[in-house]
Amino acid sequence: MRIAMLAPIAWRVPPRHYGPWERVVSLLTEALVARGVEVTLFATANSLTSAKLAAVCPLPYEEAPDLDAKVWEALHISSVFERAAEFDLIHNHFDFLPLVFSELTPTPVVTTIHGFSSERILPVYQKYNGRAHYVAISEADRHPSLEYAATIYHGIDLEAFPEGSGGDYLVYFGRIHPHKGTAEAIQLATRMRRRLVIAGIVQDQGYFEREVRPRLRPGVVEYAGSVGPAKRAELLGGALALIHLINFDEPFGLSVVEALACGTPVVATPRGSMPELIRDGENGLLVDSVEQAAARGDELTRLDRARIRAEARRRFSAERMADEYGQVYERILSGLR
């Protein structure tokens with residue numbers, strides 16, 4: 001089986017810090033190569049992979065401001081479809097844009113929909129519905145107007161997230177943005193009288209300046225920046241809980257399953273995929289408000305971290321993800337939908 005894996009080019013594969021789509025592409029690619037699948041990874045030239053690397057974009061455009069994102073996205077996507085005849089299947093992780101090329105080749109295209117940035121992008125997905133092969137990353141993120149080949153949860157490198165002993169602080173891990181509930185995490189930590197460590201890229205500078213920076217105090221609320229893989233596991237594993245009081249319907253939530261893999265429970269708003277990932281009272285708490293979370297805070301110390309980690313190993317391994325994608329590939333190549 002010859003697979004063309006089309007990655008985004010905002011960040012390197014795998015990313016140094018932030019880059020959830022790129023991280024998933026890397027884990028899937030490496031797991032498929034380990035199974036003997038012939039994978040060509042289309043990504044930035046500085047990407048690291050055991051697959052064959054095909055690159056036209058020299059650097060991630062988020063790290064190279066002199067690169068025009070639209071220009072390099074066009075060159076990147078076209079490079080895959082110009083070589084489509086070399087592959088049995090193209091696996092698209094680049095959102096909706098590659099779909100407009102999909103009817104120009106008989107090579108089937110699988111598209112993992114990593115969430116809908118806006119309802120405005122739906123017309124493209126709808127145009128190719130029934131001809132393209134869509135994979136959802138959670139049941140919650142399936143759009144009712146589209147047909148799907150499967151729902152496949154993201155997998156993670158479980159060995160990179162060893163079981164942690166827990167601690168007395170809370171951790172927030174994600175983009176600094178109103179959608180992700182950074183301010184709510186600070187409010188909860190204050191109510192619980194727990195230290196909060198915030199980690200992630202600042203995506204909304206104004207929000208950071210209004211809601212986060214004025215509340216930063218050493219030993220009380222700390223901002224660790226966008227930390228790399230080693231620090232990520234240390235922060236998640238050493239926390240009493242991950243606070244994930246989101247204000248939008250999140251398609252998946254990699255930081256959630258990474259925390260669970262460390263045995264760290266998650267306190268989350270029951271929106272989007274959260275009820276699929278979190279079982280209330282078992283591996284975390286599903287709460288409707290900061291006040292409810294604070295009232296249930298004592299429950300966190302009674303949750304079984306070893307059981308949380310064991311469940312995460314069963315449900316969210318990269319190997320399980322690769323197995324399920326392999327089944328989708330085989331079904332498509334055999335002529336079944």
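Which element gives the largest share of the lining of the second largest pocket? Helix 1 does, with three residues. Helices (H or I, at least four residues) and strands (E, at least two) are taken here as DSSP runs, numbered from the N terminus. The structure is a predicted model, in which local features need pLDDT of at least 70, side-chain atom pairs count only at pLDDT 80 or more, and totals for chains, interfaces and linings use all residues. Residues are numbered from 1 along each chain as its sequence is written, and side-chain values use heavy atoms, with hydrogens and water left out.

The second largest pocket holds about 270 Å³ of space. A pocket is an open set of points on a 1 Å grid over the protein atoms alone, where a 1.4 Å probe fits, with protein on both sides within 12 Å along at least five of seven lines. Lining residues have an atom within 4 Å of a point. Grid points are joined across faces, edges and corners, and the volume is the space filled by probe spheres set on them. The lining of the second largest pocket numbers 16 residues. Closest to the centre are Arg-23, Asp-157, Ala-160, Phe-161 and Pro-229. Helix 1 and helix 6 (229-237) are the elements that give two or more residues to this lining. By class, the lining has eight nonpolar, three polar and five charged residues. Nonpolar covers Ala, Val, Leu, Ile, Met, Phe, Trp, Tyr, Cys and Pro; charged covers Asp, Glu, Lys and Arg; the others, Gly among them, are polar.

Helix 1 (residues 20-34) also belongs to a right-handed β-α-β unit, together with strand 1 and strand 2. Right-handed means that, with the strands pointing away from the viewer, the path from the first strand over the helix to the second runs clockwise. Strand 1 (residues 2-6) is mostly covered, with four of its five residues buried. Buried means under 20% relative accessible area, exposed over 50%, and partly exposed in between (1.4 Å probe, protein chains only). Strand 1 runs parallel to strand 2 (residues 38-42), and five bridges join them. Two strands count as paired if DSSP finds at least two bridges between them. Met-5 has Leu-41 of strand 2 as its bridge partner.

Strand 1 also pairs with strand 4 (residues 89-92), in the parallel sense and over four bridges. Here Ile-3 is partnered by Leu-89, and Leu-6 stands opposite Asn-92. Ile-3 lies in strand 1. Its relative accessibility is 0%, so Ile-3 counts as buried. Ile-3 and Val-56 are 53 residues apart in sequence and 18 Å apart in space, C-alpha to C-alpha. In strand 4, Leu-89 and His-91 point one way, while Ile-90 and Asn-92 point the other way. All four are buried. Strand 4 runs parallel to strand 5 as well, joined by three bridges. The bridge partner of Asn-92 in strand 5 is Thr-111.

A further set of six strands forms an open sheet with parallel pairing, in the order 10-9-8-11-12-13. Strand 10 (221-225) and strand 13 (284-286) stand at the edges. Each has a single partner strand, so one side of each is left without a neighbour in the sheet. Neighbouring strands of this sheet are turned by 20° against each other on average, direction ignored. Axes are lines fitted to C-alpha atoms, for helices over the stretch in contact, and angles run from 0 to 180 degrees between N-to-C directions. Within the sheet, strand 11 (residues 241-244) and strand 12 (residues 266-268) run parallel and are joined by three bridges. Leu-242 stands opposite Val-266 of strand 12.

Backbone exceptions come next. Most residues other than glycine have a negative phi, and most peptide bonds are trans. A cis peptide bond joins Val-13 and Pro-14, with omega about -10°. Pro-14 lies in the loop between strand 1 and helix 1. Asp-95 is not a glycine, yet has a positive phi of about 70°. Asp-95 sits in the loop between strand 4 and strand 5 (109-113). With 14% relative accessibility, Asp-95 counts as buried. Arg-193 is another residue other than glycine with a positive phi, near 60°. The loop between helix 4 (182-192) and strand 9 (196-199) holds Arg-193. With 80% relative accessibility, Arg-193 counts as exposed.
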